[in-house]
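Colleague: I would like a close look at one part of this model, and then at what lies beyond that part. Please keep the wording plain.

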Amino acid sequence: MRRLPITVFLTLFLAACSSTHTLETRVTKENYRTVTLAAETQHQADEPYRVWGDDASDFLFNAQDGSTPLKVQGDRLNILALSGGGANGAFGAGIINGLYDSQQLQDYTVITGISAGSLIAPFVFVGGDEIPRLKEVMLGINDKMILGKRNLLNTLIKDAFTNGEQMFEFIEQVYTPEMIEQIALQHQAGRRLFIGTTHFDSEELVVWNLGRIAESHLPNKVHLIHQILAASSSIPGVFPPQFIEVEDQNERLEELHVDGGLTVQMFFEVVNIDYHKLNQALGLSEAPQVHVIRNGMLKMPYKSIEDRGVQLLRRSLSSMTIQQAKGDLYRMLYFSEMSGLDLEFAYIDDEFDAPKATKDMFDFEYMQALYQYGYDKVSKDELWTTEVP
């Protein structure tokens, strides 16, 4: 009888920690590539809502009549790739606003985003008055706003350090149904917005055609877009994953999606695109221009670290992310050279050393300094480069 209270407590504790997302409702190794979105009524000829990172199709070019759904304002096809980076997304926001204020912001036909880049990309895609709002949104992010209740024990017994509710509410408040309608209109005007997430069970990149979803008749399209943006920017262990409903032979299943940065830090090669054919379809002669904004460094600054586990782990993870980003950049440079594209990129120099006022992930003073740093790179004409450090 003396053990009964402990037994009851443990039973209630484990019940409270249990998840409704069980493996029985998860997609499997056999069907994860063939499932469809819940309530999807898409026909084979329609542009896909999403593709896998290694998809060999080319839905942006019709080989039968030599046409493309893309449209270009001007005499060049412009592409923008925005990387991950967490709080370093303030750097990208500074660049975008600097280009906008100086009337240098290109009319990008294709925009891609991963993680922090996925939060910036919709603003650039919609453009206009949304660009100045980008500064307010990115510099307004703080730990309390998106982390909410934190519990280190949750990383052991649940799916994340936080419950993710504040993060999702932030996404809902920023990317309103009205903004999503503007995304749909831009898609119909011949532009494309692609957001990357990681399909966690397979550890593969999924590229979401956000404009196609925005213009669709999917009954849950607003919530789905919020899930995609939350998943792309949700660091595993810190934020919970997003469980996206899919169907397989009328059976409801779930996919687990997390930070796109687990697979790639940045990308623009969405499908098997032949840019020469795209240029012909668009009646263009000048090579397409690719701009890449790396919201982070490409070289670790020299720094002596005390022999302590957490500090060593933090620096090791930062180094791994930088090396991954550099590898992604080399891949894109190689692809661009082979495809006849002009690629330029911007990044945070390793000499940037603005101090943090707090230990917060989203320290306001640090983010403000990063924003100004990106903004000033534009005004000083020091933004784009082709040299990897």
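How many residues does helix 10 have, and what distance does helix 10 reach from its first C-alpha to its last?

Modeller: Helix 10 (residues 221-232) has 12 residues and reaches 16 Å from first to last C-alpha. That is close to the 16 Å expected at 1.5 Å a residue, the expected span being 1.5 Å times one less than the number of residues. Helices (H or I, at least four residues) and strands (E, at least two) are DSSP runs numbered from the N terminus.

This is a predicted model, in which local features need pLDDT of at least 70 and side-chain atom pairs pLDDT 80 or more, while totals for chains, interfaces and linings use all residues. Residues are numbered from 1 along each chain as its sequence is written, and side-chain values use heavy atoms, without hydrogens and water.

Helix 10 is mostly covered, with nine of its 12 residues buried; buried means under 20% relative accessible area, exposed over 50%, and partly exposed in between (1.4 Å probe, protein chains only). The buried residues of helix 10 are Leu-224, Ile-225, His-226, Gln-227, Ile-228, Leu-229, Ala-230, Ala-231 and Ser-232.

Strand 6 (residues 204-209) is also mostly covered, as six of its six residues are buried. Glu-204, Val-206 and Trp-208 point one way from strand 6, while Leu-205, Val-207 and Asn-209 point the other way. In a regular strand, side chains alternate between the two faces of the sheet.

Strand 6 has neighbours; two strands pair if DSSP finds at least two bridges between them. Strand 5 (residues 192-199) runs antiparallel to strand 6 and is joined to it by six bridges, with Gly-196 opposite Val-207. The hairpin of these strands has four residues between them, and there Glu-203 takes a positive phi near 55°. Strand 2 also runs antiparallel to strand 6, with three bridges, and Trp-52 has Val-206 as its bridge partner.

The largest core has 73 residues, and Ile-111 and Trp-208 touch the most other members. Helix 3 (residues 116-126) gives the most to this core, seven residues. Beyond its neighbours within four places in sequence, Ile-111 is in contact with residues including Leu-80, Val-124 and Phe-194; contact means heavy atoms within 4.5 Å. Another core, of 34 residues, lies apart from it and has Val-72 and Met-266 among its members.

The structure holds 15 salt bridges, each a side-chain nitrogen of Lys or Arg within 4 Å of a carboxyl oxygen of Asp or Glu. One of them joins Asp-54 and Arg-33, at 3.1 Å from N to O. Asp-54 lies in the loop between strand 2 (50-52) and strand 3 (78-82) and Arg-33 in the loop between helix 1 (4-17) and strand 1 (36-37), so the pair ties together parts 21 residues apart in sequence. Asp-54 is exposed, at 54% relative accessible area, whereas Arg-33 is partly exposed, at 35%. Another salt bridge joins Arg-76 and Asp-342, with the closest N and O atoms 2.5 Å apart. These two are 266 residues apart, Arg-76 in the loop between strand 2 and strand 3 and Asp-342 in strand 10 (residues 342-348). Arg-76 is buried, at 17%, while Asp-342 is partly exposed, at 34%.

Terms used: A nonpolar core is a set of buried Ala, Val, Leu, Ile, Met, Phe, Trp, Tyr and Cys residues joined through side-chain atoms within 4.5 Å.
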